[in-house]
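Trainee: Could you pick one spot in this model and take me through it closely? I'd also like to hear how the rest of the fold looks from there.

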Amino acid sequence: MGEIRRPIAVMGVSGAGKTTVGVRLAAALGVEYAEGDDFHPAANVAKMSAGTPLDDADRAPWLDAIADWLVARRGRGGVVTCSALKRRYRDRLRAAAPDLFLVYLDVPRAELERRLTVRTGHFMKVQLLESQLAALEPPTPDEPGITVDGTAGVDAVVEQVRAALASQPE
């Protein structure tokens with residue numbers, strides 16, 4: 001497989017496995033990785049830590065920071081995690097990086113609840129899952145990318161993504 005130079009966003013609700021898949025995918029592709037949570041302003045982290053869902057105004061500076069990261073990697077590729085729950089959020093990212101490839105980790109609600117319940121050291125708590133699921137607009141066929149079973153093993157997911165990328169025009 002040739003070198004992947006397009007940006008990739010690993011997306012889904014909290015608990016879907018974005019970080020785990022994103023880190024492994026970036027390593028497999030030999031590109032830089034960025035944790036989407038690191039782009040949140042402190043006010044957003046405080047809000048989510050308090051159990052309050054973010055609104056579109058809260059997400060705007062976060063999405064802009066991720067978009068800036070994508071622009072800075074133009075022609076070099078990279079993997080970033082980002083919930084990208086709504087189509088308009090993904091459109092905002094694609095405005096900065098038109099060749100953005102989405103990897104949507106689809107995970108059943110019960111498994112998401114289980115993962116969030118046992119996860120420690122993260123500001124996103126299980127009580128915010130409902131708001132994320134309510135906001136989620138899964139990618140549509142006109143959005144370049146792949147939907148994968150987020151309950152599959154990480155290696156299997158990475159291989160599915162690599163195969164999908166290999167079959168796509170750059």
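Mentor: Let's start with Arg94, whose side chain makes a polar contact of 2.6 Å with that of Asp91. By polar contact I mean a pair of N or O atoms within 3.5 Å; within protein, one must be able to donate a hydrogen and the other to accept it, and residues adjacent in sequence count only if both atoms are side-chain atoms. Bear in mind that this is a predicted model: local features need pLDDT of at least 70, side-chain atom pairs count only at pLDDT 80 or more, and totals for chains, interfaces and linings use all residues. Numbering runs from 1 along each chain as its sequence is written, and side-chain values use heavy atoms, with hydrogens and water left out.

Arg94 sits in helix α4, residues 87-96 (helices are DSSP runs of H or I, at least four residues, and strands runs of E, at least two, numbered from the N terminus). Buried or exposed, then? Arg94 counts as buried because its relative accessibility is 12%; the cut-offs are under 20% relative accessible area for buried and over 50% for exposed, with partly exposed in between, using a 1.4 Å probe on protein chains only. Setting aside residues up to four places away in sequence, Arg94 touches Arg87, Leu100, Leu102 and Glu143, where contact means heavy atoms within 4.5 Å.

Ile8 and Val103 have the most contacts inside the largest nonpolar core, which has 48 residues. Such a core is a set of buried Ala, Val, Leu, Ile, Met, Phe, Trp, Tyr and Cys residues joined through side-chain atoms within 4.5 Å.

From Leu165 we reach α7, where the buried residues are Val154, Val157, Val158, Val161, Ala164 and Leu165. Seen down the helix axis they fall within an arc of 125 degrees, so they line one face of α7; the arc is taken from the directions from the axis to the C-beta atoms. They pack against β1 (7-11), α1 (18-29), β4 (101-106) and β5 (145-149).

Back towards α4, the loop between β3 (78-81) and α4 holds Ser83. Ser83 is buried as well, at 9% relative accessible area, and beyond its neighbours within four places in sequence it is in contact with Met11, Gly12, Lys18 and Trp62.
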